[in-house]
Amino acid sequence: PEPAARMMARIHAEMPPLRGVIHAAGVLDDGILLQQTAERIHTTFAPKAAGAWNLHCLTDGQALDFFVLFSSVTAPFGSPGQANYAAANAYLDALAHQRRRLGLSGLVVNWGPLGDAGYLTTHPQVLAQLQSQGHLPMRVGDCLEVLGRLMVLNPVQVAVALGDWERRASLPQQGGPARDRQ
């Protein structure tokens with residue numbers, strides 16, 4: 001929390017009043033549940049859940065126009081081999097709802113996979129696996145346009161994803177990523 005606290009102190013001292021927060025952190029450490037350890041869970045939870053909580057605490061008492069949390073469709077829908085990631089994102093979902101119950105701004109977006117930025121751009125095999133499961137990658141520009149609309153509409157939680165839904169529905173339930181099934 002110290003780097004975030006220093007950042008907030010600098011904002012208060014040197015900049016106009018803070019009007020909003022967008023929390024877009026994420027780290028993957030995939031593996032079947034039996035392979036999860038406290039360290040692997042922490043690797044995923046720290047940037048997402050702890051980071052969001054720190055921002056929530058550090059902005060306590062400030063009148064923010066928005067507090068946006070980037071979650072993932074893994075939270076409401078699950079994803080084989082991503083229990084830690086799904087749980088970290090579910091935490092963000094709950095935090096947005098709690099902020100709203102407290103009368104604070106809060107929007108959580110459960111994003112589907114991005115194809116032109118981030119993790120999937122450097123892991124084409126993961127992108128191919130997602131596509132085989134019916135997940136279609138989205139473009140950042142389209143996501144930013146959707147985010148702008150959502151910030152005006154002001155729901156508390158929305159899932160935004162592209163998919164081949166017939167394919168998704170026809171797939172059998174699986175035990176995890178192929179690399180973990182040996």
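**Figure 1. Pairing of strands S3 and S5.** Strands S3 and S5 run parallel and are joined by 4 bridges; two strands count as paired if DSSP finds at least two bridges between them. Trp 111 stands opposite Val 160, which belongs to S5. The model is predicted: local features need pLDDT of at least 70, side-chain atom pairs count only at pLDDT 80 or more, and totals for chains, interfaces and linings use all residues. Residues are numbered from 1 along each chain as its sequence is written, and side-chain values use heavy atoms, with hydrogens and water left out. Helices (H or I, at least four residues) and strands (E, at least two) are DSSP runs, numbered from the N terminus.

**Figure 2. The open sheet of 4 strands.** The strand order is S1-S2-S3-S5, with parallel pairing. Strand S1 (20-23) and strand S5 (157-160) are at the edges and have a single partner strand each, so one side of each is left without a neighbour in the sheet. On average, neighbouring strands of this sheet are turned by 15° against each other, direction ignored. Axes here are lines fitted to C-alpha atoms, for helices over the stretch in contact, and angles run from 0 to 180 degrees between N-to-C directions. S1 and S2 run parallel and are joined by 4 bridges, and Gly 20 stands opposite Phe 66 in S2.

Figure 3. S2 (residues 66-72) pairs with S3 (residues 107-111) in the parallel sense over 5 bridges. Leu 69 has Val 108 of S3 as its bridge partner. Of the 7 residues of S2, 5 are buried, while in S3 the count is 5 of 5. Buried means under 20% relative accessible area, exposed over 50%, and partly exposed in between (1.4 Å probe, protein chains only). Leu 107, Val 109 and Trp 111 point one way from S3, Val 108 and Asn 110 point the other way, and all are buried. Helix H7 (residues 140-153) lies across S2, S3 and S5 and runs at about 150° to S3.

**Figure 4. The largest pocket and its lining.** The volume of the largest pocket is about 970 Å³. Its lining has 39 residues, of which Ser 72, Tyr 85, Gly 112, Pro 113 and Leu 114 are the closest to the pocket centre. The elements that give two or more residues to this lining are S2, helix H3 (74-77), helix H5 (119-122), helix H6 (124-132), H7 and helix H8 (165-170). On a 1 Å grid over the protein atoms alone, a pocket is an open set of points where a 1.4 Å probe fits, with protein on both sides within 12 Å along at least five of seven lines; lining residues have an atom within 4 Å of a point. Grid points are joined across faces, edges and corners, and a volume is the space filled by probe spheres set on the points.

Figure 5. Asp 65 sits in the loop between helix H2 (38-58) and S2. This residue is exposed, because its relative accessible area is 53%. Not counting residues up to four places away in sequence, Asp 65 touches Arg 19 and Ser 105, where contact means heavy atoms within 4.5 Å. Trp 53 is 12 residues away from Asp 65 along the chain, and the two C-alpha atoms are separated by 18 Å.

**Figure 6. His 42 and Trp 53 in helix H2.** Helix H2 contains His 42 and Trp 53. His 42 is exposed, with a relative accessible area of 53%, whereas Trp 53, at 38% relative accessibility, counts as partly exposed. Leaving aside neighbours within four places in sequence, Trp 53 is in contact with Tyr 91 and Leu 95.

**Figure 7. Asn 154 in the loop between H7 and S5.** Asn 154 lies in the loop that runs from H7 to S5. Most residues other than glycine have a negative phi. Asn 154 is not a glycine, yet has a positive phi of about 60°. With a relative accessibility of 46%, Asn 154 counts as partly exposed.

**Figure 8. Cys 57 and Cys 143.** Cys 57 is partly exposed at 39% relative accessibility, and Cys 143 is buried at 8%. The search of the whole structure finds 0 disulfides, a disulfide being a pair of cysteine sulfur atoms within 2.5 Å.
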